Amino acid sequence: MKYSAVLLGSMALSASAFPAVMQMSDAILKARNLEQAAELHKRAEEEKRQLPDPTAAQALSQARGNCGVIPCTVFDATEQYVSNTGEHAYASPAADEIRGPCPGLNAAANHGYLSRSGILTIENTIEGLGAAYGMSVDLAGFLAAYGIIFDGDPVAGTWSIGGPLPTNQITKGLLGQGQGISWSHNLYEGDSSIARPDAYLNNGDAHSLDVDRFRDAYAATDSRYPGRYTLDSFAQNFAKKSDESVATNPYFFAAPFSTTLVSPAAYNFVINFMSNHTAEEPNGYFDGEQFKTFFAIEGDSPADFKWLPGQEKIPDNWYRRTSTNQYNAANVFTDLIPSFLAYPSSFKLGGNTNGVNTYAGISLADFTGGAYNLTTLLDPKGTQGACFLAQVAQAGIPDFANLPLQQITPVTDLINNFLTPIAGDLSCPEVGAFDQTLFNKYPGHTYRPTGPDTNY
Ligand code: HEM
Ligand SMILES: *[C@@H]1O[C@H](CO)[C@@H](O)[C@H](O)[C@H]1NC(C)=O
Ligand SMILES: *[C@@H]1O[C@H](CO)[C@@H](O)[C@H](O)[C@H]1NC(C)=O
């Protein structure tokens, strides 16, 4: 059905006088929205059909070791051992120490690699994540800067690994009081996580662990390596969980940064950052015991699993990835590519339009005004990934004209020093404007719960 602009216009004019007409006009607008979403979805599907055959891609996905597309070839026990004693002894967070949705950050804070307060600066983030996990300076700086800009305090230069920043600070975040990554739905935190529920399905709380979801991931071992997890087995778990989000969450929405990229990257982070390394296996391996320790799960068998909030730990006698192959921002994308190509349904940009099972996608070409398309973005030999990550991270930054003066310089500095540089000297496609109006068709797009000041 098609409705002319003239008809819609006249209805809008008379709507306030006639409530019944207004209802009808809403219904017509909704129908038109759904019709447009269906058109867009067709183009997104067509874009996916251009991708190479997934069977070949699955072999490539399976061939990856636990250090990612670029293998780790050396092991040095002294360099890679991560102390969890002395100044790095485990301590549960005190009442005023903040923990949140990220087990990697929680564990590092519980062992004093990151400030035990849970409020971090960029310098602390870079230093702590390099020492504990072998994360590169560019990636840690990028992730921290994003947290400062969107959920933190750009003037103080701080961000929270959990709930809202303490209110005794003088300055405010860019989008109001910095809510921390616990309350960053659609900004940082996204749907289809490993062990955290979709925000909408849990009253906005997407940072507390759901034991059933953990059990599901715990069962996702790689059939080739009994009891162990790999990038490929976790890519399959992500594909399954992202389809489940479509089937269960009417507000499922894959925003380009949080759910399209960060959610699947978190699955890869488990393997790349939490694996234990040995001389025999310099790429490392990841098993159920490590999984439980890092995710604060106790209990011997899945039926007995219990989550201990805020008690994530670095295992005893654990060796991180080698510093000769730190994990950087470009690697984040090169590890997403084989997963998306092998399991194309797991690439989602878009969401449910009208209740569960009404997923409509948006093609990259439509979203980027033709600057990108899926084939070139996911080309394993291509270099667009870091560009896309850097650009899409900036897409949601409010117009500078609307910012208080005191925020402009700090935000510009964060962008120039930590967001843009991850693209290196690549010549990136030029995007006129990311068409965020396309998101208006998704009810989950504007869902932004804020939360209580809890410490995890
Ligand atoms: C500055 C660095 C980091 C930031 C800002 C960050 C932020 C986040 C955020 C916002 C989430 C929630 C995303 C979602 O909804 O799934 C998350 C989840 C996660 N992160 Fe991090 N993270 C960082 C570093 C790390 C590191 C170093 C690791 C691994 C050692 C890690 C592992 C994970 C995992 C496994 C999840 C998913 C948890 C679950 O679903 O139960 N992250 N992180
Ligand atoms: C990690 O690997 C080392 C050998 O490099 C081994 O001795 C240790 O027990 C392993 N640690 C864990 C937590 O599996
Ligand atoms: C994708 O973009 C590249 C480079 O701009 C172009 O050559 C190619 O034809 C496009 N592919 C599709 C399927 O549109």
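This is a predicted model: local features need pLDDT of at least 70, side-chain atom pairs count only at pLDDT 80 or more; totals for chains, interfaces and linings use all residues.
Residues are numbered from 1 along each chain as its sequence is written, with chains lettered from A and ligands numbered from 1 in the order in which they are written.

The chain holds 16 helices and 9 strands, counted as DSSP runs (H or I of at least four residues for helices, E of at least two for strands) and numbered from the N terminus. Its radius of gyration, taken over C-alpha atoms, is 22 Å, close to the 23 Å that the globule rule gives for 456 residues, so the chain is as compact as a globular protein of that length; the rule is 2.2 Å times the number of residues to the power 0.38. Along the principal axes, the C-alpha atoms fill a box of roughly 75 × 55 × 50 Å.

Helix α7 (residues 137-151) and helix α16 (residues 405-419) pack at an angle of about 160 degrees, their axes 9 Å apart, where axes are lines fitted to C-alpha atoms over the stretch in contact and angles run from 0 to 180 degrees between N-to-C directions. The two helices are therefore roughly antiparallel (over 145 degrees). The table lists the residues that make their contact (C-beta atoms, placed from the backbone, within 7 Å).

| Helix | Contact residues |
|---|---|
| α7 | Gly 141, Phe 142, Ala 145, Ile 148, Ile 149 |
| α16 | Val 411, Leu 414, Phe 418, Leu 419 |

Ligand 3 is surrounded by Gln 50, Asn 373, Thr 375 and Thr 376, each with its C-beta atom, placed from the backbone, within 6 Å of the ligand.

Notes
Angles under 35 degrees count as roughly parallel, over 145 as roughly antiparallel, 65 to 115 as roughly perpendicular and the rest as oblique. Two residues are in contact if their C-beta atoms, placed from the backbone, lie within 7 Å.
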